[in-house]
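User: I would like to go through some labels attached to this model and see what each one rests on. Please set the values against the cut-offs as we go.

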Amino acid sequence: MTGATRTTCPYCGVGCGVLATPGADGRVAIKGDPDHPANFGRLCSKGSALGETLSLDDRLLHPRVVGERATWDRALDHVARAFTDAIRDHGPDSVAFYVSGQLLTEDYYVANKLMKGFIGSGNIDTNSRLCMASSVAGHKRAFGSDTVPGTYEDLETADLVVLTGSNLAWCHPVLFQRLAAAKAARPGMRIVTIDPRRTATSELADLHLGIAPGGDVALFNGLLLHLAAGSRLDEGFVARHTSGLAGALGAAAGFDIRTAARVTGLSPAEVERFFNLFAATERVVTVYSQGVNQSSAGTDKVNAIINCHLLTGRIGRPGMGPFSVTGQPNAMGGREVGGLANQLAAHMELDNPGHRALVRDFWNAPRIADKPGLKAVDLFEAVHDGRIKALWIMATNPAASLPDADRVVAALARCPFVVVSDVVRDTDTTRHAHVLLPSTAWGEKDGTVTNSERRISRQRAFLPPPGEARADWWQMAEVARRMGFSGFDWDGPAEIFREHAALSAHGNDGCRDFDIGAHAEIDAAGYEGLAPFHWPRPAGQGPRQRFFGDGKFHHPDGKARFVATPWRPARGQTSAARPLILNTGRVRDQWHTMTRTGKAARLTSHYAEPFVEVNPADARALGLAAADLALIESDRGGALLRVLVTERQRPGAVFAPIHWTGQQAARARVDALIAPHVDPVSGQPESKFTPVSLRRFQAAWYGFAVSRRRLAVSGLDYWALAPVDGGYRAELGGADAPGDWPAAMAALLDPAEEAEVLAYRDVARGVYRFAVYEAGVLSAALFVAPEPVEIARGWLIGQLGRALDGAERLRLLAGRGGDAAADPGALVCSCFSVGVNQITAAVKAGAQSIDAIGSCLKAGTNCGSCRMEIGRLIDACSTAKAG
Ligand code: SF4
């Protein structure tokens with residue numbers, strides 16, 4: 001294939017357009033699509049590195065049944081028979097699908113149709129339950145529909161953007177870059193961040209509110225009272241277009257500034273400043289994400305925010321409104337087809353008999369589900385207690401990503417029949433599959449996705465499917481036919497999209513928000529060339545960007561609802577045994593369980609191992625030093641992580657990223673610590689508030705190793721493995737030092753028989769160093785010390801594969817080759833591989849702005865994801881100089 005293919009990034013909910021150009025050498029060149037209205041050519045570090053994640057070495061390429069390679073026919077027959085038998089013997093609710101925001105809308109549509117229309121159960125839920133179910137529930141309570149009212153443009157045209165529970169700079173980087181550019185062009189724009197952590201996003205803020213975990217409802221209840229008392233009530237809007245204000249104000253009663261400050265852990269002055277800013281600014285957008293959604297009060301948090309916009313009438317107009325940003329590339333598409341257990345399809349409701357009749361007739365469905373199915377956490381509990389006899393998991397890794405993940409592993413192990421459709425051969429979940437089905441990956445599959453602003457874009461294939469990989473929709477259609485169902489005979493995704501669009505318009509006279517009937521007769525060529533568009537797009541009507549500007553909502557009376565949101569504490573509570581609150585989240589350069597981003601060396605360089613962020617006061621009290629290893633434990637499980645001591649973390653709370661799995665680290669599945677507490681309305685788990693304890697791991701030795709081959713790390717107490725250019729790196733540690741270090745080195749590095757091994761030993765100090773040369777070049781090295789190994793990692797990695805002369809070999813063993821000039825330090829700019837040491841040196845040499853750093857090092861001049869970190873380094877250097 002030659003020429004660029006227009007497609008869409010498979011990572012976050014920004015939904016950036018990508019130009020992918022396969023080359024003759026097998027590489028794929030990636031650029032941002034300048035014509036895509038989500039990103040106008042920008043890509044973040046993850047999107048820019050997509051071309052480095054397409055190797056086939058870890059791919060599942062053939063169906064497997066009970067561990068043996070099988071034909072597609074055999075595997076599909078086996079799945080159809082197991083599901084048919086379970087339904088016959090135990091009823092339709094004895095089977096379930098657990099799907100993913102990674103699926104394309106067409107895949108999702110088929111999964112939902114099969115489960116809810118033909119099997120006759122609501123038991124299909126999605127990993128989007130973990131991401132934004134509280135926003136869905138909050139939207140439905142307030143608006144009568146799951147509608148995101150605004151667009152990305154509203155963030156750029158607002159005069160105040162409030163970011164609450166959203167590290168936009170790292171989790172939605174291109175949208176953050178758009179916001180940063182808008183603020184640079186209009187310095188009068190104000191930005192407020194509300195987050196227990198001071199994040200990269202906070203660097204852009206005029207005001208950062210380091211709120212106590214769980215304080216959001218109290219803060220927004222206080223704001224509601226303040227707005228109502230301060231003449232910001234839009235009486236006309238509230239009277240004509242809303243109901244329920246008295247109840248919301250009643251629930252907020254008592255949250256004056258002092259009380260709100262006490263509950264949120266903020267100062268009264270901070271709270272007052274925020275309230276006054278919000279009150280005085282007409283064009284306000286409030287952006288919220290997982291920090292709001294992932295809570296046992298997530299839906300109330302969403303409604304507390306929406307209440308403030310309804311009271312002021314600031315919704316549906318340019319530059320204002322509540323705005324939920326979704327974590328996943330197609331969380332929104334899943335919502336559109338009914339991918340959540342409590343939805344039907346096309347934004348219709350399972351508990352609405354009229355909607356059920358519409359969908360049943362449209363699908364000619366024999367057995368439409370008549371009640372909601374099990375939401376994610378309950379679904380896996382039902383697997384654990386034996387109610388679910390057959391489970392099909394698609395494009396997700398619940399053994400790593402669901403709360404109480406060890407119990408999920410136990411549930412999978414005892415489930416009579418587990419099918420996993422995935423692109424990756426070995427994950428924490430595929431290990432439990434009776435049948436493995438190889439799916440097509442990004443670059444090979446074809447369909448549509450919807451981003452956070454309701455924009456539907458095409459994902460297009462530009463690579464042939466490898467091995468026997470097939471699309472997820474095809475797998476499900478084949479199983480459906482084998483189960484004896486008709487209505488699954490599509491010839492490709494275009495035909496499925498047509499059906500989906502037709503269903504959205506079926507019986508829809510404007511009463512339902514989701515309507516893309518204009519595309520109900522799209523032909524193959526039209527689908528192939530489909531340009532990104534906002535929904536709704538009803539037949540015969542032009543584009544419409546925003547909802548609710550006309551004051552019409554989707555409750556039967558056409559009015560929006562204020563929702564009473566009494567503040568309540570989080571479900572988990574700290575205690576003497578578990579005195580800290582664990583908050584989980586993402587890092588800039590990784591995505592979910594790292595099955596793709598973990599393959600790109602430049603992405604793993606930003607953070608090469610799992611970590612826990614601890615405030616210096618807590619670290620002191622716990623006897624923890626930077627770079628120690630620490631055991632973090634909750635009542636559910638534990639993990640062993642590297643300690644990062646940082647002022648950016650609140651005292652009393654710690655943060656750990658969600659990305660590391662059993663494939664990349666010894667014990668770093670942090671979701672194993674999370675209790676399965678869920679929001680009572682949305683069913684979304686509380687991933688941001690887990691009581692934990694933290695204690696130093698008494699390591700007898702620490703190690704750092706590089707190798708051109710994958711290191712044999714299993715069995716060590718601590719290891720974290722990551723790719724580098726030309727090999728791997730590993731951070732290591734253990735409670736007991738091996739008695740025979742040369743033997744331990746040989747087991748770990750597996751040198752060739754003819755290899756030359758140079759060693760340095762200081763037995764008294766417990767220091768050991770080994771360098772392995774094969775065919776005259778450095779093929780591996782291991783550095784061991786009784787404390788965290790101090791070696792310039794970037795420099796040592798750069799020596800891999802090099803032929804070193806005698807003096808260089810000695811310097812390498814001495815660990816002294818890596819002076820500051822040679823060692824770039826921890827990676828800051830992934831695009832141009834610029835590290836912290838290089839940036840610090842440039843600042844000291846006179847580069848005093850982000851642009852000046854860009855001019856001399858290029859750092860921050862491509863995707864821009866690192867610009868906030870560069871700014872922080874410049875500030876740190878200036879502060880140090882001033883001090
Ligand atoms: Fe992909 Fe980054 Fe754009 Fe998100 S912001 S869609 S991860 S390029």
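User: Why is histidine 384 called buried?

Analyst: The model is a predicted one. Histidine 384 has a relative accessibility of 10%, and buried means under 20%, so histidine 384 counts as buried. Histidine 384 is found in helix H17, residues 376-384. Leaving aside neighbours within four places in sequence, histidine 384 is in contact with Arg407, Ala410, Ala411 and Arg414.

User: What makes alanine 399 a buried residue?

Analyst: The relative accessibility of alanine 399 is 0%. The cut-off for buried is under 20%, therefore alanine 399 counts as buried. The place of alanine 399 is in helix H18, residues 398-401. Not counting residues up to four places away in sequence, alanine 399 touches Ala405, Val408, Val409, Leu412, Asp428, Thr429 and Arg669.

User: How far apart are alanine 399 and threonine 427 in sequence and in space?

Analyst: They are 28 residues apart in sequence, and 8.5 Å apart from C-alpha to C-alpha.

User: Why is histidine 592 called buried, with a relative accessible area of 19%?

Analyst: The limit is under 20%, and histidine 592 has 19%, so the label buried applies. Histidine 592 has its place in the loop between S21 and H23. Its contacts, leaving aside neighbours within four places in sequence, are Gln102, Gln328, Arg586, Ile658 and His659. Histidine 592 and alanine 400 are 192 residues apart along the chain, with their C-alpha atoms separated by 9.6 Å.

User: Is methionine 594 buried or exposed, and how do you know that?

Analyst: Methionine 594 has a relative accessible area of 5%. Buried means under 20%, so methionine 594 is buried. Methionine 594 lies in the loop between strand S21 (580-585) and helix H23 (601-604). Leaving aside neighbours within four places in sequence, methionine 594 is in contact with Lys599, His659, Trp660 and Gln664.

User: Is alanine 775 buried or exposed, and what makes it so?

Analyst: The relative accessibility of alanine 775 is 86%. Exposed means over 50%, so alanine 775 counts as exposed. Alanine 775 is found in the loop between strand S31 (767-774) and strand S32 (777-785).

User: What kind of peptide bond joins tryptophan 535 and proline 536, and which omega goes with it?

Analyst: The bond between tryptophan 535 and proline 536 is cis, with omega about 10 degrees. Most peptide bonds are trans. Proline 536 has its place in the loop between strand S19 (533-534) and strand S20 (560-561).

User: Which residues in the largest nonpolar core touch the most other members?

Analyst: The core has 109 residues, and Phe83, Phe97, Leu219, Phe274 and Trp392 touch the most other members. Helix H2, residues 72-90, gives the most to this core, with 9 residues. Not counting residues up to four places away in sequence, phenylalanine 83 touches Val95, Ala96, Phe97, Ala390, Leu391, Trp392, Phe417, Val419 and Met483. A second, separate core of 49 residues includes Leu640, Ala771, Ile791 and Ala792. In soluble globular proteins, nonpolar side chains tend to be buried together.

User: How do H16 and H21 cross, and at what angle do they pack?

Analyst: Helix H16 (residues 353-363) and helix H21 (residues 493-505) pack at an angle of about 145 degrees, and their axes are 11 Å apart. The crossing of H16 past H21 is right-handed. Val359, Phe362 and Trp363 in H16 meet Glu499, Ala502 and Leu503 in H21. The residues of this contact divide into 5 nonpolar, no polar and 1 charged. Glu counts as charged, so Glu499 in H21 is the charged one.

User: Which residues are around the ligand?

Analyst: They are Cys9, Tyr11, Cys12, Val14, Gly15, Cys16, Leu43, Cys44, Lys46, Gly47, Pro173 and Val174. Helix H1 (45-48) and helix H7 (173-185) are the elements that give two or more residues to this shell.

User: What makes the shell around the ligand divide into 9 nonpolar, 2 polar and 1 charged?

Analyst: Gly counts as polar and Lys as charged, so Gly15 and Gly47 are the 2 polar residues and Lys46 is the 1 charged residue.

Terms used: Residues are numbered from 1 along each chain as its sequence is written. This is a predicted model: local features need pLDDT of at least 70, side-chain atom pairs count only at pLDDT 80 or more; totals for chains, interfaces and linings use all residues. Side-chain values use heavy atoms; hydrogens and water are left out. A residue is near a molecule or strand if one of its heavy atoms lies within 4 Å of it. Helices (H or I, at least four residues) and strands (E, at least two) are DSSP runs, numbered from the N terminus. Axes are lines fitted to C-alpha atoms, for helices over the stretch in contact, and angles run from 0 to 180 degrees between N-to-C directions. A crossing is left-handed if the near helix is turned anticlockwise from the far one by less than a right angle, and right-handed if clockwise. Contact means heavy atoms within 4.5 Å. A nonpolar core is a set of buried Ala, Val, Leu, Ile, Met, Phe, Trp, Tyr and Cys residues joined through side-chain atoms within 4.5 Å. Buried means under 20% relative accessible area, exposed over 50%, partly exposed in between (1.4 Å probe, protein chains only).
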